[in-house]
Amino acid sequence: MSSQPVHSDGPLMPMPDLTLPALRSAVAVLAPAKLPELVEEMQQAFDRAGQDGSTAPIRMFYRRWATFIAIERDPARAARFHAAEQLLQSSDAEDERQTAIQEIGAIVRTAQCEAEALEAG
C-alpha cells in the first residue's frame, strides 16, 4: 500500500510536463525512494538511444514515468493499484488474481491516457 495518506479530493498535484526535471520533481514528492530507479532508467534510456540512434528509448522512459506519476499522484488510485498488486502476489485463488489483473490493467490504461495527453499537448 502507498505510504501516502488517502484523500478523497483527487490528485495531489497536476500532471508534470514531460521533461526530466519535472518528472524528477514529481517523483521526489510522490515516491522519493523511487528516485534512484528513475535516474538509473534514465541513464539506460539515453545509453540505448545513443547506441540505437533512436529517440524511442527516451520516449519510452518519459511515458513509463509519466504513467507512474499519474497513478501515484492520486492517492485513491494508488491505493487501489497497490492493493491489487498485493492481492496478485499473495492470492492463490484464480478468480481473485484475475480481478487484480483487471484492476491493475484498468488503472494503468487510465494513467497511460493521462501520460499520452501530455505528449499530444
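Is Glu40 buried, partly exposed or exposed, and what is its relative accessible area? Glu40 is partly exposed, at a relative accessible area of 47%. The views below come from a predicted model.

**View 1. Glu40 sits in helix H2.**
Glu40 and Ile69 are 29 residues apart in sequence. In space, their C-alpha atoms are 17 Å apart.

**View 2. The whole chain is built from helices, with 5 helices and 0 strands.**
Read from the N terminus, the order of elements is α-α-α-α-α. The C-alpha trace spans about 45 × 30 × 30 Å along its principal axes. The chain has 121 residues, and 38% of them count as buried. Contacts between residues at least 6 apart in sequence were also sorted by separation. Of these, 61% join residues at least 24 apart.

**View 3. Arg64 forms salt bridges with Glu37 and with Glu41.**
The structure holds 6 salt bridges. One of them pairs the side chains of Glu37 and Arg64, at 2.8 Å from N to O. Glu37 belongs to helix H2 (residues 35–52) and Arg64 to helix H3, so this bridge ties together parts 27 residues apart in sequence. Another pairs Arg64 with Glu41, at 2.7 Å from N to O. Here too the partners lie in helix H3 and helix H2, so the bridge ties together parts that are 23 residues apart in sequence. Glu37 is partly exposed, with 28% relative accessibility. Arg64 is also partly exposed, with 32% relative accessibility.

**View 4. Glu114 and Arg77 meet in a salt bridge.**
The N to O distance in this pair is 2.7 Å. The bridge links distant parts of the chain: Glu114 in helix H5 (residues 94–120) and Arg77 in helix H4 (residues 75–90), 37 residues apart. Both Glu114 and Arg77 are buried. Elsewhere, salt bridges with shared partners join Lys34, Glu37, Glu41 and Arg64 into one network.

**View 5. Glu114 also reaches Arg73 through a polar contact.**
Glu114 has its place in helix H5. Its side chain and that of Arg73 are joined by a polar contact of 3.1 Å. Which residues does Glu114 contact, leaving aside its neighbours within four places in sequence? They are Met15, Ala70, Arg73 and Arg77. Arg77 is the salt-bridge partner shown in the previous view.

**View 6. Trp65 and Phe68 form an aromatic pair.**
The structure holds 2 aromatic pairs. In the pair shown, the ring centres of Trp65 and Phe68 are 5.2 Å apart and the planes meet at 65 degrees, so the arrangement is edge-to-face. The cut-off for that label is over 60 degrees. Trp65 and Phe68 are 3 residues apart in helix H3, a separation of about one helical turn. Both Trp65 and Phe68 are buried.

**View 7. The charged end of Arg64 sits over the ring of Trp65.**
The distance from this charged end to the centre of the Trp65 ring is 4.4 Å. Arg64 is partly exposed, whereas Trp65 is buried. The side chain of Arg64 also meets Glu37 and Glu41 in salt bridges.

**View 8. Glu72 is buried yet has no salt bridge.**
Glu72 lies in helix H3 (residues 56–72). A contact of 2.6 Å joins its side chain to that of His82.

**View 9. Pro75 is a buried residue of helix H4.**
The relative accessible area of Pro75 is 2%. Buried means under 20%, so Pro75 counts as buried. Pro75 and Leu12 are 63 residues apart in sequence. Their C-alpha atoms are 7.4 Å apart in space.

Methods:
Residues numbered from 1 in each chain as written. Predicted model: local features only at pLDDT ≥ 70, side-chain atom pairs only at ≥ 80, totals over all residues. Heavy atoms only, no water. Helix = DSSP H or I, 4+ residues; strand = E, 2+ residues; numbered from the N terminus. Buried < 20%, exposed > 50% of the residue type's maximum accessible area, 1.4 Å probe, protein only. Lys, Arg positive; Asp, Glu negative; His and termini not counted. Salt bridge = Lys/Arg side-chain N within 4 Å of Asp/Glu carboxyl O. Polar contact = N/O pair within 3.5 Å; in protein donor to acceptor, adjacent residues only side chain to side chain. Phe/Tyr/Trp six-rings, centres within 6.5 Å; stacked < 30°, edge-to-face > 60°. Lys NZ or Arg CZ within 6 Å of the ring centre and 35° of its normal. Contact = heavy atoms within 4.5 Å.
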